[in-house]
Amino acid sequence: MSDRYKSFERLSTPLVVKLALGFVVVFVLFALFGQLLSPHEFRATSLFDRLKPPIGFGGTWTYPLGTDGRGRDLLVRLALGAQITLIVAIVGTLVGAVLGSLLGIIAAAKRGPLEALIIGAVDVQASLPIIVVALFVLAVFNSSFTLFLLLVGLNGWEVYARLMRGAVLSAKEHGYVMAIRALGASSFRIYFRHIFPNVLNIVLVQFTINLPLTVLLETALSFLGLGVQPPLTSLGQIMSEGRDRLLTAWWLTLFPGLIIFFLALSISIIGDWVRDRLDPTLRSEK
Amino acid sequence: MTGFILSKLLRAFITLLLTVSLVFIFIRFSGDPAAAMAPPDAPQEVIDQYAEKLGLDKPLWVQYTNYLGQIFRGDFGHSVDSGRSSVSLFLDRLPATLYLGGFSLLIALTVGISLGTVAALNRGNFLDRGVMAFSVFAFAMPNFLFGLAVILIGALGFQTYLGGQGASISWVGVLPPALTLGLASTGSYARFSRSSLLETINKPFLLAAEARGISRTRRLIFHAMPNAAIPLVTLIGLSLGGLIAGSVVTEQVFAWPGVGQLLVRSVATRDIATVQFIVLAIAGTMVVANLLVDFLYLIIDPRIRVQ
């Protein structure tokens, strides 16, 4: 009885999740249209307006969030940075999900040497943290935005591959798959039309775990100066530029830092909530 | 059981071989190393000479076996910047990283497991909620932001600069970066030990222990906790393996003179030999840590031996 009541209670969205959803909506709007809030251009420097503080700390409405060491408007730079961080996070997470799931399905479908090779690749990736792989590739190749997107996308592909392989292997034994096979469906149809929708939950759950990690990876690499390169900018890159002026111009690190933190926090809160509903086995745990 | 050990060893060896091969392929196809080493306006003959010296004129598979041979002998090349061997550069930096990583692991383990236990024992009330909220906070907090906040608090509140320890590594100096580095794993240890303990508490053998009249404290310490700790071993193994890699950002924020800082600097200066060795060393520690975890399970969890 109490369990049923509990699951009924779950149907209403908790306040924290509402707040998190609200923050993500505001963030996306800011990323898309934030540049319209400011008359300045993100590269425009102004030597007479260097390191202006934000409003409330002696700043003026010309630069609501202050300026950086070259007199560039922080508001417009944050909007562009948010946009780039958003693009990298979404594209990056999608790349990993698609690549990993495909490899996992192929491994389970084909078996044999191809499966062994994919498992080997998964093992290698599992023994090398993605930040190290990214640093290595950036040392060897010239950094470009496309390469950076791909690298961030590699984040977590091995988890998708491993999960999908296991799920597909067990799905293959189910009666419905044998039935469709007996009806003469092609392999492609069996795997993508029938098995894939049945194991899609796993990809979605992993996606919610992966997305905040991708945000943190992008910002960390850009913070190290190895991610998004100027003149383009991202939240991590703005932070790294402001780092040397931490004590004199705190707004340059605090604002992008807080946006990153609340973004990662909101996505993981929403992810936790989505996971609870998608995965019934987790419900008994809490 | 011998079969289990052998198969694990073989898999570890294959993983390392694949890693080395991938590193070779990436370096070899990234560009012409001879042209990169020769002066910018060097004529073709000079570049060819460099290529011959480096063995680049030989067929690819000969280069590959040579590379494997070098690595097997422990020759990982020399840094272009300082001319020193990449191994010695790495070993110079290793103690600082181990010191930092060890401290942060200690903090994460003690604080994380205590918080997780408190949460599990107070399931559903404000203590539990607080711990869970903390673990979500710790997960979402980027360590470069937390590190900068720690430095800022130190500077404004205590008038001391907590970053830039330079060569002097002290007991007090390690605390701020260790706290920063350990924050995320403290959260995950808390979360993990909480769910593991909750799962164990509901098992029938604990009900049986209660029926036998064993006290609550004794049940918790001698019956529930050892069983709940078994899955934690995997997490600890992962942290040990990720010790070097995890510290990259934190070392950069606090100017901590460890391997992570060396890695970032070598990437920026394209010191391939050093980067390559650090990558292989990280892969090696991860693989060895995973092996140790697998073997440790044989000892601490007799159920695996039976299978």
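**A walk through a predicted two-chain model**

Hello everyone, let me start with one residue: A:Arg111 is exposed, because 11 other C-beta atoms lie within 10 Å of it, and a residue counts as exposed at 12 or fewer. A word of caution before I go on: this is a predicted model. You will find A:Arg111 in the loop between H3 and H4 of chain A.

Where does B:Ala255 sit? Please look at the loop between helix H13 (248-254) and H14 of chain B. B:Ala255 is exposed, as 12 other C-beta atoms lie within 10 Å of it.

Now let us step back and take in chain B. The chain has 16 helices and zero strands. Of its 307 residues, 35% are buried. How much of the contact in chain B joins residues at least 24 apart? Among contacts between residues at least 6 apart in sequence, the share is 72%.

After H9(B) comes B:Gly213, with a positive phi near 85 degrees. The other is helix H4 (residues 60-72) of chain B, where you will see B:Trp61. Is B:Trp61 buried or exposed? With 8 other C-beta atoms within 10 Å, B:Trp61 is exposed.

Let me turn to where the chains meet. Chain A brings 35 residues to the contact, and chain B brings 39 residues. On the side of chain A that touches chain B, at least two residues come from each of these: helix H4 (112-127), helix H5 (130-140), helix H9 (187-223) and helix H11 (251-278) of chain A. Sorted by class, that side of chain A has 26 nonpolar, six polar and three charged residues.

From H5(A), the contact uses A:Leu135, A:Leu138 and A:Ala139, and from H14(B) it uses B:Leu263, B:Ser266 and B:Val267. By class, this contact of H5(A) with H14(B) has five nonpolar residues, one polar and no charged ones.

Which residues have the most contacts inside the largest nonpolar core? They are A:Leu135, B:Ile278 and B:Ile282, in a core of 103 residues. Helix H15 (residues 272-300) of chain B gives the most to this core, namely 12 residues. Setting aside neighbours within four places in sequence, B:Ile278 is in contact with B:Phe90, B:Val259, B:Leu262 and B:Leu263. Apart from that core lies another one, of 17 residues, including A:Leu103, A:Ile105, A:Ile190 and A:Ile195.

Next, a helix pair within chain A. Helix H3 (residues 74-110) and helix H10 (residues 235-242) of chain A have axes that come within 7 Å and cross at roughly 135 degrees. H3(A) and H10(A) are therefore oblique to each other. On the H3(A) side, A:Arg77, A:Leu78, A:Gly81, A:Ala82 and A:Thr85 meet A:Leu235, A:Gln237 and A:Ile238 in H10(A). The classes in this contact of H3(A) with H10(A) are four nonpolar, three polar and one charged.

My last stop is A:Ser170, in helix H7 (residues 157-172) of chain A. A:Ser170 is exposed, with 11 other C-beta atoms within 10 Å. How far apart are the C-alpha atoms of A:Ser170 and A:Glu241? They are separated by 50 Å, while the two residues are 71 residues apart along the chain.

Terms used:
Residues numbered from 1 in each chain as written. Chains lettered and ligands numbered in written order. Predicted model: local features only at pLDDT ≥ 70, side-chain atom pairs only at ≥ 80, totals over all residues. Contact = placed C-beta atoms within 7 Å. Helix = DSSP H or I, 4+ residues; strand = E, 2+ residues; numbered from the N terminus. Nonpolar A, V, L, I, M, F, W, Y, C, P; charged D, E, K, R; others polar. Core = buried A, V, L, I, M, F, W, Y, C linked by C-beta atoms within 7 Å. Buried ≥ 20, exposed ≤ 12 C-beta atoms within 10 Å, placed from the backbone. Axes fitted to C-alpha atoms, helices over the stretch in contact; angles between N-to-C directions. Parallel < 35°, antiparallel > 145°, perpendicular 65-115°, else oblique.
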